[in-house]
Amino acid sequence: MQCLPPTTLITGGAGFIGSHLAQLLASQGQRLLIIDDLSTGRTANLTALPAGSATFIHARLSDALTRQPSLLDGVREVYHLAATVGVGRVIDDPAAMIRNNIHETASLLDACDGRGVTLLLASSSEVYGPSEAMPLSEEAQLLFGPTTSPRWSYGMTKALDEHLALAHHARGGLRAVVARLFNTIGPRQVGQYGMVVPRFVRAAVEGRDIEVHGDGQQTRSFCDVRDVTAAMTALVGGARCHGKVFNVGSDDEITIDELADRVIALAASPSRKRHVPYEQVYGPAFEDPRRRVPDLSRIRRAIGYSPRHTLSDTLTELVALARREKPVAIPNA
Ligand SMILES: NC(=O)c1ccc[n+]([C@@H]2O[C@H](COP(=O)([O-])OP(=O)(O)OC[C@H]3O[C@@H](n4cnc5c(N)ncnc54)[C@H](O)[C@@H]3O)[C@@H](O)[C@H]2O)c1
């Protein structure tokens, strides 16, 4: 009888971050099971995987698990990334996003419970809501915006997912670790759903105006997806990390105006910045945190976390890639 190595499940593995994670794990010789409904993911994201390293199931996660509970037989590690992502999609249909982010996570956790798996939940810096307590620390009290502003609902779904995962962990049904990802960038990220870097890069390469939402003085810190995925695997591999929450990202802060300037300079583009009020893009009462900087001391202590890519490195690569790609329609760009 052939003895197959244990399988690693990546939910949302055909998405931006999931496909980079798949590449990293496959390069380490892991056998992968990828479940993705392709709502925002693309099978083209998986073409770089070595032949035979992954089984891909095109399905909604909960449907796949209900139809075939034996799917999880032999699965030892689970990276749960499937979720509705992007401010544009959240604003368009908050109810669908809430159902997807909570129901799918609850189904997965129930299915994994009692199987001895280690599960990483991809959470988000959005759980910090409009908090101004910089740097944002994992132990801080969470602050949520009003429920009349749908923008905050995404962070609430992620916070509830964290509670669910940690509750399963506390009960001993599985080992869970929570990665609160901050802005992540890299190849294959798309701008359709409001992601700022791919929107800026595409506009700069095409010489169009770069649309900066708000006054451009809000800051963010961007981390390369390859640093993020390396941290995710280290968190799963570090038994002392289980049952805990970790910020994952960069603390190198930049204003969105400066980001646009840097993209324009790196692309040697004639593009100019154009500031557009938030309400014109996302409707009335839209709010955006002014700053979002992670406290990275916990993850540095736990896994010696130290991102290898600088923002300029990643932007330079993205500009080069965008020059080679066919233009795609980007709403609001
Ligand atoms: N990109 C970022 O900056 C960022 C920041 C914080 C947190 N995150 C989290 O990281 C994860 C991955 O995000 P991403 O940027 O790669 O987005 P993405 O949209 O590229 O990836 C999500 C993937 O999940 C799939 N999916 C969604 N619902 C599904 C379902 N019910 N069943 C099966 N597949 C489903 C989508 O088709 C897509 O491939 C998400 O959980 C997101 O909340 C991302």
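In this predicted model, the ligand is surrounded by 28 residues, a residue being counted as near when its C-beta atom, placed from the backbone, lies within 6 Å of the molecule. The closest of these are G12, G15, G41, A82 and A83. Local features need pLDDT of at least 70, and side-chain atom pairs count only at pLDDT 80 or more, whereas totals for chains, interfaces and linings use all residues. Residues are numbered from 1 along each chain as its sequence is written.

At least two residues of the shell around the ligand are supplied by each of α1 (16–27), β2 (31–36), α4 (94–112) and β5 (118–124), where helices (H or I, at least four residues) and strands (E, at least two) are DSSP runs numbered from the N terminus. The largest share, three residues, comes from α1. By class, the shell comprises 12 nonpolar, 12 polar and four charged residues; Ala, Val, Leu, Ile, Met, Phe, Trp, Tyr, Cys and Pro count as nonpolar, Asp, Glu, Lys and Arg as charged, and the others, Gly among them, as polar.

The protein chain is divided into domain 1 (7–184 + 224–248) and domain 2 (190–221 + 252–289 + 308–324), with bounds that come from an automatic or database domain assignment. The C-alpha centres of the two domains lie 26 Å apart. The contact between them takes 16 residues from domain 1 and 14 residues from domain 2, two residues being in contact if their C-beta atoms, placed from the backbone, lie within 7 Å. On the side of domain 1 that touches domain 2, two or more residues are given by α3 (87–92) and by α7 (225–237), and α3 gives the most, with four residues. The residues of this side divide into five nonpolar, six polar and five charged.
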